[in-house]
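Okay, thanks for making time, everyone. Let me put the structure up on the screen and we'll walk through a few spots.

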Amino acid sequence: MAKLKTNTRLRRLVHLYEARPDLPADTLFHGGPPYRDTPPKAVLNAAALAAVIGEMAEDVSHARLLIERGDIKLAPAQDYGIAAPLAMVVSPGMWCFEVGDAQHTFYAPVGEGPPPALRFGSDDSGCITRANVWCTDAARNINPQIANLL
């Protein structure tokens, strides 16, 4: 991983697909190394919800089917400059913090609030609403504040 300079800063909250249009659209990003076998249940739970949040699937059942069939792939987040905590899984359609210096840029998902939460592998569909509504509100309020600091 690249070493960041001292002028590292939070740049904005952004949908990952806007910042990284080069990311594969059929892939979700998880913490840790590639899975050799079936990922842990917590990661599969978070992946299904992340797929719905990112509009890769109509609902959680559909997302689970697409993941099981391999139509939605899982890849190590760090291989793409994304930090994914715990059991969190990130879709290109999720809000992320963009952080970096003059040479490097990295992304981390904006948490959707207290548990139940994706980062804990929750399968609670309330995470979907919070990730869409709360994170959109956070970006709408935080991004102008960041812009004012520049």
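Predicted model: local features only at pLDDT ≥ 70, side-chain atom pairs only at ≥ 80, totals over all residues.

Let's start with helix H4, residues 126-149. That's 24 residues, and from the first C-alpha to the last H4 reaches 34 Å, close to the 34 Å expected at 1.5 Å a residue. H4 does bend, though: about 25° at Ile142, with a proline, Pro144, following within four residues. Which residues of H4 are buried? Those are Cys127, Ile128, Ala131, Cys135, Ala138, Ala139 and Ile146. They pack against strands E1 and E5 and helices H2 and H3.

Now, E5 takes us to Asp101, which sits in the loop between strand E5 and strand E6. What the Asp101 side chain does reach is the backbone nitrogen of His104, at 2.8 Å.

Moving on to the backbone. In the loop between E6 and H4 you'll find Pro116, and the peptide bond from Pro115 to Pro116 is cis, with omega near 0°.

Glu55, in the loop between H2 and H3, has phi near 60°. Is Glu55 buried or exposed? Exposed, because its relative accessibility is 73%. Then there's Leu86, in the loop between strands E3 and E4, with phi of about 45°. Leu86 is exposed as well, with a relative accessible area of 61%.

Note on methods. Residues numbered from 1 in each chain as written. Heavy atoms only, no water. Helix = DSSP H or I, 4+ residues; strand = E, 2+ residues; numbered from the N terminus. Polar contact = N/O pair within 3.5 Å; in protein donor to acceptor, adjacent residues only side chain to side chain. Expected span 1.5 Å × (residues − 1). Bend = angle between axes of the 7 residues up to and from the residue. Buried < 20%, exposed > 50% of the residue type's maximum accessible area, 1.4 Å probe, protein only. Contact = heavy atoms within 4.5 Å.
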